[in-house]
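Biologist: I would like to learn how to read a structure one feature at a time. Please give the general idea and then the case at hand.

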Amino acid sequence: MSNYVYFKTKTDYLYNIDSKNDIFSDDLLDLIKDTELKELIINKYDLDKNILINIDKADIVYNEIKSYVDRFELLRLTVPENKVDTFLKENPEEKKYDYYFNIKEACIDESTGEMIENLEAVAIYDSLDLFYKDRSLSQYVKSLNKSKNLNKSQLLDDLNISWKRHFDKYPKDVKPKIFRVLKNKDLYYVKSINSKQYKEYGIAESFVLSMLELNKIHLREEVNFSISSISLRESKIDMIISLDKKVSIKDVGYFRPSISIRNEDTGNASLGVHTSIEFYPENNEDNNKIYLFPKKDKDNNKIENKTTANHTINQDTLLELFESISDLFDYLKQVEKDFKFYNDAQHPDELRQKIAEKVCNTKGMFKGLTQLQGLFERKKDQQITNLQNLLEMCGKAEMLDMDFDLKFKLRYLISNVLLYGNNTIK
């Protein structure tokens with residue numbers, strides 16, 4: 001299988017997939033490569049003995065996570081700016097040109113002084129932007145690849161030469177960069193460029209700590225959980241974990257309180273735990289659902305919506321972050337008292353129009369998504385006369401295949417329209 005498959009997000013809905021449910025703590029611990037963090041986890045969750053963890057679909061997600069962890073070795077290379085440049089190289093597999101980093105000299109282990117030389121690595125994710133950001137050249141460099149100019153490689157070479165001259169003249173301007181490089185056999189990929197303060201908390205850490213914390217709640221309160229969906233790539237995870245509890249709303253449908261575990265470990269992105277609601281419209285033959293994100297109402301002290309942190313926190317704080325899962329589920333237990341749709345204030349077709357204003361904007365973030373636009377645009381044979389019609393429409397939108405980040409923008413849009421009557425997007 002191509003390495004590029006692991007760099008592209010895929011989403012799986014797990015409610016119709018068979019699961020053994022069980023997973024052992026020793027298997028989870030094997031996913032954690034940092035020995036110090038592993039020891040902290042063992043002590044916090046009393047894992048001196050191999051314990052059985054029973055969470056629906058945990059075994060399925062574990063196998064997925066393990067395939068990513070086993071695929072790549074992560075290298076943290078300290079590289080002076082004047083010892084690295086970039087070039088373009090044809091990629092027949094992806095039918096495009098890739099940007100490469102040419103790393104001439106890098107420290108692979110500062111404690112021993114071990115060095116690595118003449119490493120060529122493909123720029124993936126936003127690593128190219130991060131490299132040129134301080135030089136205000138990100139857009140120019142990316143534009144070279146789009147140009148039909150046959151001399152685009154020469155232009156990039158000229159740029160590298162000019163910066164070499166600059167650093168030769170002003171050596172004090174040279175700063176060390178941390179290149180986070182993925183290795184698979186003899187292939188290398190630069191996933192991100194960060195500071196020394198950046199900690200390696202990836203998809204494995206998020207999954208392991210989530211499962212252990214949920215198991216603690218499960219044993220303490222005798223409640224059950226299920227992983228209902230997982231969006232995953234090598235550097236990103238969004239996992240929806242649902243409480244096995246239905247809350248009915250008369251003539252509208254039912255919902256399950258849930259938690260969204262998120263982590264993006266590139267750039268300066270954050271990791272965190274977010275409250276969510278899986279809503280199932282009434283008479284839903286296709287089992288479509290809608291994800292809603294309630295906010296905290298400062299006046300009425302309703303649901304707290306998230307706990308987040310960046311990747312510079314220490315390991316103790318990381319464990320505390322995932323411990324907040326218990327608090328967030330406690331908030332969601334009260335959601336039945338607070339939760340209702342915005343149907344008392346507006347006609348359902350007005351709510352559809354609020355969604356359409358964003359979705360059908362030809363210059364907006366959803367431009368080009370014709371299937372999505374077709375769902376929400378006004379049609380003669382599509383009269384949104386009641387809330388049920390609108391909920392079915394939103395459920396169909398959730399099932400559309402689209403970019404990982406756009407899907408969450410859409411979720412927030414639909415959530416804000418249905419819950420609060422506004423079409424703001426995070």
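Biologist: Which side chain does the side chain of Arg-220 meet in a salt bridge?

Modeller: This is a predicted model. Side chains of opposite charge can pair when their charged atoms come close. Here the side chain of Arg-220 meets that of Glu-221, with 3.0 Å from N to O. Arg-220 is partly exposed at 46% relative accessibility, and Glu-221 is also partly exposed, with a relative accessible area of 26%.

Biologist: How many salt bridges does the structure hold?

Modeller: The structure holds 23 of them. One of these pairs is Glu-323 with Lys-216, whose closest N and O atoms are 3.8 Å apart. Glu-323 lies in helix α8 (residues 315-333) and Lys-216 in helix α7, so this pair ties together parts that are 107 residues apart in sequence. Glu-323 has a relative accessible area of 32% and is partly exposed. Lys-216 is partly exposed too, with 28%.

Biologist: Are Lys-289 and Glu-278 buried or exposed?

Modeller: Lys-289 counts as buried, at 1% relative accessibility. Glu-278 is buried as well, at 0%. The two form a salt bridge with their closest N and O atoms 2.8 Å apart. Lys-289 is in the loop between β14 (270-281) and β15 (290-292), while Glu-278 is in strand β14, eleven residues apart.

Biologist: Which residues are linked in a network of salt bridges?

Modeller: The network links Arg-76, Arg-180, Lys-191, Glu-200, Glu-234 and Asp-265.

Biologist: Next, the nonpolar core. Which members of the largest one touch the most other members?

Modeller: In soluble globular proteins, nonpolar side chains tend to be buried together. The largest nonpolar core in this model has 61 residues, and those touching the most other members are Ile-41, Ile-65, Phe-207, Met-211, Ile-227 and Met-239. Helix α7 (residues 203-221) gives the largest share of this core, nine residues. A second, separate core has 32 residues, including Phe-279, Ile-290, Val-359 and Leu-418.

Biologist: What does Ile-41 touch, not counting residues up to four places away in sequence?

Modeller: Ile-41 touches Leu-29, Ile-32, Leu-47, Leu-209, Leu-212 and Leu-319.

Biologist: Which residues of α10 are buried?

Modeller: They are Pro-348, Asp-349, Leu-351, Arg-352, Ile-355, Ala-356 and Val-359. Seen down the axis of α10, these buried residues fall within an arc of 155°, so they line one face of the helix. They pack against α11 (370-376), α12 (387-398) and α13 (404-420).

Biologist: How many of the residues of α12 are buried?

Modeller: Nine of its twelve residues are buried, so α12 is largely enclosed by the rest of the structure. Among them are Leu-387, Gln-388, Met-393, Cys-394 and Glu-398. The buried residues of α12 pack against β1 (10-13), β14, β15, α10, α11 and α13. From first C-alpha to last, α12 reaches 17 Å, close to the 16 Å expected at 1.5 Å a residue.

Biologist: Where is Ile-414?

Modeller: Ile-414 is in helix α13. With a relative accessible area of 5%, Ile-414 is buried. Leaving aside neighbours within four places in sequence, Ile-414 is in contact with Ile-290, Ile-355, Phe-376, Cys-394 and Ala-397. Ile-414 and Glu-398 are 16 residues apart in sequence, and their C-alpha atoms are 9.7 Å apart in space.

Biologist: Last, the whole chain. How many helices and strands are there in the protein chain?

Modeller: There are 13 helices and 16 strands. Of the chain's 426 residues, 51% count as buried. The chain exposes about 21,300 Å², and carbon and sulfur atoms supply 45% of that area. Among contacts with a separation of 6 or more, 68% are between residues 24 or more positions apart.

Definitions and conventions
Residues numbered from 1 in each chain as written. Predicted model: local features only at pLDDT ≥ 70, side-chain atom pairs only at ≥ 80, totals over all residues. Heavy atoms only, no water. Core = buried A, V, L, I, M, F, W, Y, C linked by side-chain atoms within 4.5 Å. Buried < 20%, exposed > 50% of the residue type's maximum accessible area, 1.4 Å probe, protein only. Helix = DSSP H or I, 4+ residues; strand = E, 2+ residues; numbered from the N terminus. Contact = heavy atoms within 4.5 Å. Arc of directions from axis to C-beta. Areas by Shrake-Rupley, 256 points an atom, 1.4 Å probe, with all protein chains shown as cover. Salt bridge = Lys/Arg side-chain N within 4 Å of Asp/Glu carboxyl O. Expected span 1.5 Å × (residues − 1).
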